[in-house]
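Please open the structure in your viewer and keep the selection tool at hand.

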Amino acid sequence: MILEKVILEGSSILKKNGIKTSRLDSEILMSKAINKDRVFMILNSNQKLEKKSLNCFFDLIKKRSIGTPVSYLTGKKDFWNNEFQISKNVLIPRPDTELIIQEALKLTKNKNKLRVLDIGTGSGCLILTILKEKKNFSGIGIDISEKCLNLAKINRDDFALGNRVKFLKSDIDNFNYGKYDLIVSNPPYIKKIDLKYLERDVINFEPFIALNGGIDGLSEIRKVIYRSFKLLKSNGKLILEIGFNQKNDVKKLLKKKGFYINEVVKDLAKNNRCIISTKI
Ligand SMILES: C[S@@+](CC[C@H](N)C(=O)[O-])C[C@H]1O[C@@H](n2cnc3c(N)ncnc32)[C@H](O)[C@@H]1O
């Protein structure tokens, strides 16, 4: 069978199964199956496919049809300017979370040698991106999940960041090591009762522990705020990702703890997505 026709067939199967990005996903999965990039596929659209590649492609299409996210099938996800390795044990980095990077880089524009902490590091996308951009910063990423940390370490090695970043297994509540100029965190913040309304690609495949924010959605955010107050240096900054409807509750928590609110930043969909505050 011819490459372009197979991509079309894959796309049609995905469409029938309710996948909105069927053509794009089919192309990405073909690229994975034959281990070639998109340019190759455009230039060789009439190429005949081997049986092995066909089997591999339709196996991937079958998995995508039941909702498995593309990034779990390819093992990769782009975030900021970098490609991260991904496994089913970590949350897939989201474009909205790039706001944290944007704000961190703005805040630290002329700063040197800052210490950064990433709470709930997952794939390591936040701390690794910041440290790659800021050559003389160093820091720590913590997560409660050992499997996340193993992947974050693989990403660290790919980024060649050596000993500028450490990854440690710890619950937010118990972490008590060092003092930081900047803390970033994208904690789980979805109300337990609302988890069932998430798209099937998310709720059926992404780690529960990365999504579940407890009864009011704020259980982990609360912990991050309390712990950050202890771990930040005076005048240190906390950049926190929040759910679209959590602005007022989180502002209250921050103020109660003694933070000054610098700014609430909206995402591309104009939802409040990220709060910047200062320990005063
Ligand atoms: C929403 S994910 C964010 C992952 C990554 N930072 C990102 O932005 O893509 C939240 C992460 O927090 C971790 N986590 C959940 N509860 C935690 C806790 N009590 N202590 C430390 N990490 C926790 C999860 O394992 C998960 O990796």
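Which residue just after α1 takes a positive phi? Select Gly 18: its phi is about 80°. Before going further, please note that this is a predicted model, in which local features need pLDDT of at least 70, side-chain atom pairs count only at pLDDT 80 or more, and totals for chains, interfaces and linings use all residues. Residues are numbered from 1 along each chain as its sequence is written.

**First stop: helix α1**

Now select residues 3–16, which form α1. Helices (H or I, at least four residues) and strands (E, at least two) are DSSP runs, numbered from the N terminus. The expected span of a helix is 1.5 Å times one less than its number of residues. For the 14 residues of α1 that gives 20 Å, and the end C-alpha atoms are 20 Å apart, which agrees.

Colour Leu 3, Val 6, Gly 10, Ser 11 and Leu 14, which are buried (20 or more other C-beta atoms within 10 Å of the residue's own, with C-beta atoms placed from the backbone; 12 or fewer counts as exposed, and anything in between as partly exposed). Look down the axis of α1: these buried residues fall within an arc of 140° (taken from the directions from the helix axis to the C-beta atoms), so they line one face of the helix. On the face turned away from the buried side you will find the exposed residues Lys 5 and Lys 16.

What covers the buried residues of α1? The cover includes α2 (22–34), α3 (38–43) and α4 (51–65), with contact meaning C-beta atoms, placed from the backbone, within 7 Å.

Next, show the open sheet of seven strands, ordered β5-β4-β3-β6-β7-β9-β8 with mixed pairing; two strands pair if DSSP finds at least two bridges between them. At the edges are β5 (165–169) and β8 (259–266), each pairing on one side only.

Zoom in on β3 and β4, which pair in the parallel sense over five bridges. Here Leu 117 stands opposite Ile 140 in β4. Is β4 mostly covered or mostly open? Mostly covered: five of its six residues are buried.

Then move to β7 (residues 232–241) and β9 (residues 272–279), an antiparallel pair with five bridges. Ile 239 stands opposite Ile 276 in β9.

Notes. Contact = placed C-beta atoms within 7 Å.
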